[in-house]
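Here are a few notes to read alongside the model. Have the sequence and the 3D view open as you go through the points.

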Amino acid sequence: MTQTEKTQKETNISRRELMKLPLEERRRILAEQAELMLPHYQQDKEWQELDTGEFVDY
């Protein structure tokens with residue numbers, strides 16, 4: 001199994017399965033998933049331009 005296939009398989013892991021893994025393995029999987037999503041967030045500027053308005057503290 002290639003590294004890409006392994007990463008894709010791990011991307012589809014359920015939350016329960018993820019929580020059963022050792023902490024270092026969870027961190028590695030989450031870091032790989034973050035790297036895979038990086039181009040999406042760099043290309044899609046719409047989320048950066050959301051007009052959230054001012055925060056009002058009552």
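1. Let's start with Arg-26, which sits in helix H3 (residues 23-43). Helices here are DSSP runs of H or I with at least four residues, strands are E runs of at least two, and both are numbered from the N terminus. Keep in mind that this is a predicted model, where local features need pLDDT of at least 70 and side-chain atom pairs count only at pLDDT 80 or more, while totals for chains, interfaces and linings use all residues. Residues are numbered from 1 along each chain as its sequence is written, and side-chain values use heavy atoms, with hydrogens and water left out.

2. Is Arg-26 buried or exposed, and what is the nearest side chain of opposite charge? Arg-26 is buried, yet it has no salt bridge, and that nearest opposite charge, Glu-24, lies 9.1 Å away. Buried means under 20% relative accessible area, exposed means over 50%, and partly exposed is in between (1.4 Å probe, protein chains only). For charge, Lys and Arg count as positive and Asp and Glu as negative, with His and the chain ends not counted. A salt bridge is a side-chain nitrogen of Lys or Arg within 4 Å of a carboxyl oxygen of Asp or Glu.

3. What does Arg-26 touch instead? Setting aside neighbours within four places in sequence, Arg-26 is in contact (heavy atoms within 4.5 Å) with Leu-18, Met-19 and Leu-21.

4. Follow one of those partners. Leu-21 belongs to the loop between H2 and H3, and at 26% relative accessibility it counts as partly exposed. Not counting residues up to four places away in sequence, Leu-21 touches Ile-13 and Ile-29 as well as Arg-26.

5. Now for the salt bridges: how many are there by this rule? The count comes to 3. One of them joins Arg-27 to Glu-24, with the closest N and O atoms 3.5 Å apart. Arg-27 and Glu-24 are 3 residues apart in helix H3, so about one helical turn separates them. Glu-24 is exposed, at a relative accessible area of 56%.

6. Which residues are linked in a network of salt bridges? They are Glu-25, Arg-28 and Glu-32. Between Glu-25 and Arg-28, the closest N and O atoms are 2.6 Å apart; these two are 3 residues apart in helix H3, which means a separation of about one helical turn. Glu-32 meets Arg-28 in a salt bridge at 2.6 Å, N to O, and this pair, also in helix H3, is 4 residues apart, about one turn of the helix.

7. Of its 58 residues, 10% count as buried. The chain exposes about 5800 Å² (Shrake-Rupley method, 1.4 Å probe; for residues, only the protein chains shown count as cover), and carbon and sulfur atoms supply 54% of that area.

8. A word on confidence, given as pLDDT, the predictor's confidence in each residue from 0 to 100. The chain averages 79, and 62% of the residues score at least 70. Confidence is lowest in helix H1 (residues 3-11), at a mean of 60, and highest in helix H2 (residues 15-20), at 93.
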